[in-house]
Amino acid sequence: MAYTELIIGAPGTVLRHMRFNWRWILVAIFIINVFILLSATVFEYYEATTQSALPGASPFGWFDSFYFTVINVTTVGFGDIVPKTTAGHWIAIANSLFGLMAFGWFVAVFTIALQPASSPPAEVKVVIDPELLLRLLENFTRESDGRPSDRPRRRLIIELEDPR
């Protein structure tokens, strides 16, 4: 009979593991933000003149480009700002692909940060079927010819390896 245990840590334990791995989360956030800022700047450089020249359009500035980049990277895509130049289309494609990869990467980094830090477990639990334990002890207390003995002739050694 096999036993499976699911151990969910207390909120304090989870926060401790997150504090141990906070650098990875910050690196992921930093790289994603740098990409968004650079992409918004490049998109504004190529699209500002074309977007502002549209009939009835308001001046197209860096914030509009930043807004478009964030909406595109998060793959929401409202459609209120649409690239008009070929360079703008390529930037939008790069933003979409980077957004998909960055989201997966951030989820992976966040998941790794939630994993227990490299510390020894506080408790080790071994579950043995009672019938199996009785048979095991019974076999160790018998002599080789099957008769019960006053003292065991064999030793039972249980060794646990340190997972570190």
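This is a predicted model: local features need pLDDT of at least 70, side-chain atom pairs count only at pLDDT 80 or more; totals for chains, interfaces and linings use all residues.
Helix 2 (residues 22–52) supplies the largest share of the nonpolar patch, namely five residues. The patch itself covers about 530 Å² of the surface and is made by Val27, Phe30, Ile31, Val34, Leu38 and Trp105. Valine 34, one of these residues, lies in helix 2. Its relative accessibility is 32%, and valine 34 is therefore classed as partly exposed, the class between the limits of 20% for buried and 50% for exposed residues.

The mean pLDDT of the protein chain is 77, and 68% of the residues reach a score of at least 70. Among the elements, helix 1 (residues 11–20) has the lowest confidence, with a mean of 70. Confidence is highest in helix 3 (residues 62–73), where the mean is 94.

In secondary structure, the protein chain contains five helices and zero strands. Read from the N terminus, the order of elements is accordingly written α-α-α-α-α.

Of the contacts between residues at least 6 apart in sequence, 63% connect residues at least 24 apart. The protein chain has 164 residues, of which 21% are buried.

How values were computed:
Residues are numbered from 1 along each chain as its sequence is written. Side-chain values use heavy atoms; hydrogens and water are left out. pLDDT is the predictor's confidence in each residue, from 0 to 100. Helices (H or I, at least four residues) and strands (E, at least two) are DSSP runs, numbered from the N terminus. Buried means under 20% relative accessible area, exposed over 50%, partly exposed in between (1.4 Å probe, protein chains only). Contact means heavy atoms within 4.5 Å. Patches are made of residues with over 30% relative accessible area and no salt bridge: like charges are joined within 9 Å, nonpolar side chains (Val, Leu, Ile, Met, Phe, Trp, Tyr) within 5 Å. Accessible areas come from the Shrake-Rupley method with a 1.4 Å probe; for residues, only the protein chains shown count as cover. A salt bridge is a side-chain nitrogen of Lys or Arg within 4 Å of a carboxyl oxygen of Asp or Glu.
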